[in-house]
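Work through the exercises below with the sequence and the structure at hand. Try each task before reading its solution.

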Amino acid sequence: MTNEELWQTALSEIELSISKANFITWFKGTSILSNKDGHIVVGVPNGFAKEWLENKYNLYILRAIRNIQEEVKSVSCTISTANTEDSTQKEPLVDAISAPKKVFVKESAKFFPGQENNLNPKYTFENFVVGGNNELARAACFAVSQNLGQIYNPLFIYGGVGLGKTHLIQSIGNEILQRDPSSKVKYIPSEKFVAEFIEAAKTGKINEFSQCYKQIDLLIIDDIQFISGKERTQENFFHIFNHLSQSNKQIVLSSDKPPKAIQILEERLRSRFEGGMIADVSKPDFETRVAILKKKAMREGLSIDDESLGFIAGNIKNNIRELEGALNRVAVSAQLSKKDLTPTYIASILGEIISSGKKKGITYKHILKTVSGFYDISPDELIAKNRKQEVVRPRQVAMYLMRSELQYSYPGIGSKLGGRDHTTAIHAFDKISKALKVDDKLFEELTSIKDQLYSIV
Amino acid sequence: MKLICTQENFKKAIYSCERMVSKQNTLPILNNILFEAQKNKLSLSATNLEIGVQAKIGAKVEKEGKITIPARIISNFSNNLPAGENISLELSGQSLKIKSGAMKVVIKGLLADDFPLIPKKKADSLLEISGVKLKTVLSRVLTSVARNEARQELTGINLILGQKELFFASTDSFRLAEERLVLDKLSVNKENYEIFSTKNGSLIIPSATLAEISRIISGDTDTPVKITIEEGQIFFELENIIIVSRLINGKYPEYRHIMPKEYKTRIVGEKGVFQSAVKMASIFASGKTGEITIKIDAEAKKVLVSSMSQDTGENSTELNFDITGPSQEVVLSSKYLLEGINTVSTSKLALLINSESTPLALREINEQTGEVLEDYTYIVMPIKN
């Protein structure tokens, strides 16, 4: 057993016997430096940890270690000044002082991972349909494109899949390039950023990697939530982020949830994400959906009447990508079958996509199972006759979902959940509907419950 | 715990400790100050696990004991205490009862058992610096410390233990301040010092620690500050206060080779006059860096400080300074120059220039002899055109 394994095993035992806050405070950055003649030397990051571990936790540590290696007799601590970070990966030592530069314009400095900016020219502000759901986000993006790096830095856009985040943030890049083709703009999805970082780490080119990102005027990172849990990447990104924001370079990020809901994100990154402007795009309303379809139809040269567009918009509510997909599907089938586009015909084509919940064969049992699983209670408790605090909210969520996803009748919901009155179900539905509008956390919860719900079938 | 102490001592001890508490909430006890009564002494301790401070004051102790009290509350209490009356402290359960004259306070605390142990120093002290001297040195070098945490090592102050001299230096990579202290004028523990200077001659001390020390050193009485260095940590002892801080890991950038050994042109003049000329120019300075131009005309014996902005207007001031060496013209950041001038403590100063693209320096002038003093140097890079 190596020292590292020994320490990890011991730590996992110590963790059980002391509080989490204490564990993190005192055992962070510790390691076994040597293990000789029954004496173990633990390296600690500072004098406080040394005093505390030697005087207060000595017994815990010794006991934990002796459970693994009986021959160990004593443990002592020493402050290890050895840099935990690999010193070779630090930036090369530069001169202590340098001249502040007058202007930052450099003629087409070389970009390391390829010069392409990854922007798709079809995403522009002109062809973005504005509605109540995305007004704020669009205004923020447009403002940023007019005053790069001056206001709202970073700009953080979040919203569900297929609601136009990518379109919006790429529009900023395209707008900038249109005005000044020499600007350095980079759009990159975060998983690609991570992949590039890993590649750079593998070939030992982390410095070049950071350097090349530090020269960018506008950095757009899509789906930043995928950076969660990748600590080294986060750290490197943190430095790039700092560098850019300090030199007033614009950063634009998008994610499927607000910064505070992204899991395993370092606090310092989170607070920086929240430091600029946060705007959300939500699901489009009916009018916006019709407007999107009209614009799309016009672009594709389709002749389709308002009634049919209204029918498609009325049935596909959640996702703009699906909406456009549906229109494509309608257009292609109409072309092939040479039939006129009428609502009945469209309904027959789109039958499979519309009301996908029912179609996928989800029943109320699935809902109960998913909801109880999500809130970590047993399905029986949802049905049981009690009003315990921790069960009430999940039960209401279940009722809400049965109504909204399966269109159950209120009396039906009541009887499925332990013979409750239909007014209870009505109350639950109203309550959750109202809470959804104000409670972001609940909204997140429902979104992930729905995700789970549709993925189990 | 039961004791009586003077209000002056009490306030002083709270003042020394109140800022050292942690701002994070992982361990709530780190927001507290530890009160410990033992053998005619009341000791107060506080720490944020990077810096720890312990202040001891004399007290009439009737019963020993200890408790921790939220720093914010006790410091607000101490600041609002009307002067005069002695203070009596008494522990009752998990609360501290405080009485002063007609006022009574009960503050809820936390058990002292969970309070971190402040590291005790093991080695003998290395050297001793006069408090007043240290305070001036610190006020100078703290100006140039990098605020940005991107480069950890620059957020601290570099202390170099040289053979004959001690150097304090700081830089944020645009300007640099260095103060030299000659060892012969300090009281030094020779043996320990030799061992240290050969083994580990360069340390980085967190600027927060030094800012706190500079705050605690009172300017009116000159008490010596003892400095002790151990592995990874440094101790400062003032009269009744001991401060321990971690050192920053890492290597401070080599800066000595950037400092010019000689300067071609030198101007000497009143600090106040120069300061107001630069300040005036900074109003019209252009660009984010606040560019101003200093033009030295050796033939006409004139120094011209000027600035021009397309938006606001322009300004120029002519100075009658002593000039030695050839004519020069440099463009500088007014902010960095002004902050440098502010650190000069003599009534006259010298500006030393080599060329428009090499570092220029500010130095002090001996009040009596008029010589240029070389102990303190503030260096700024000119702006490249």
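**Exercise 1.** Leaving aside its neighbours within four places in sequence, find which residues A:Glu13 is in contact with. Then decide whether A:Glu13 counts as buried, exposed or partly exposed.

*Solution.* The model is a predicted one. Step 1: locate A:Glu13, which is found in helix α1 (residues 3-17) of chain A. Step 2: set aside the neighbours within four places in sequence; A:Glu13 is then in contact with A:Ala64 and A:Asn67. Step 3: compare the two kinds of distance for one of these contacts. A:Glu13 and A:Ala64 are 51 residues apart in sequence, yet their C-alpha atoms are 6.2 Å apart in space. Step 4: count C-beta neighbours. A buried residue needs 20 or more within 10 Å, and an exposed one has 12 or fewer. A:Glu13 has 15 inside 10 Å, so it counts as partly exposed.

**Exercise 2.** Describe how helices α8 and α9 of chain A pack, and sort the residues of their contact by type.

*Solution.* Step 1: find the helices, α8(A) at residues 206-214 and α9(A) at residues 231-246. Step 2: take the geometry. Their axes are 9 Å apart and the angle is about 35°; the crossing is right-handed. Step 3: list the residues that meet. From α8(A) come A:Ile206, A:Ser210, A:Tyr213 and A:Lys214, and from α9(A) come A:Asn236, A:His239, A:Ile240, A:His243 and A:Leu244. Step 4: sort them, which gives four nonpolar, four polar and one charged.

**Exercise 3.** Which strands does β2 of chain B pair with, and how do they run?

*Solution.* Step 1: find β2(B) at residues 32-38; five of its seven residues are buried, so the strand is mostly covered. Step 2: look for the bridges. Six of them join β2(B) to β6(B), residues 65-70, and the two strands run antiparallel. In this pairing B:Asn32 stands opposite B:Pro70. Step 3: turn to β3(B), residues 41-47, which is joined to β2(B) by five bridges and also runs antiparallel to it. Here B:Ala37 has B:Leu42 as its bridge partner. Step 4: examine the link. β2(B) and β3(B) form a hairpin with two residues between them, and B:Lys39 in the turn has a positive phi of about 35°.

**Exercise 4.** Give the strand order of the open sheet that contains β20 of chain B, and say which helices lie against this part of the chain.

*Solution.* Step 1: write down the order, β22-β21-β20-β24 in chain B, with antiparallel pairing. Step 2: identify the edges. β22 (313-319) and β24 (328-333) of chain B each have a single partner strand, so one side of each is left without a neighbour in the sheet. Step 4: check one pairing. β20(B), residues 291-297, is joined to β24(B) by six bridges, and B:Ile294 stands opposite B:Val330. α7(B), residues 334-343, lies across β20 and β24 of chain B and runs at about 95° to β24(B).

Conventions:
Residues numbered from 1 in each chain as written. Chains lettered and ligands numbered in written order. Predicted model: local features only at pLDDT ≥ 70, side-chain atom pairs only at ≥ 80, totals over all residues. Pairing = 2+ DSSP bridges. Helix = DSSP H or I, 4+ residues; strand = E, 2+ residues; numbered from the N terminus. Contact = placed C-beta atoms within 7 Å. Axes fitted to C-alpha atoms, helices over the stretch in contact; angles between N-to-C directions. Left-handed = near helix turned anticlockwise from the far one by under 90°. Nonpolar A, V, L, I, M, F, W, Y, C, P; charged D, E, K, R; others polar.
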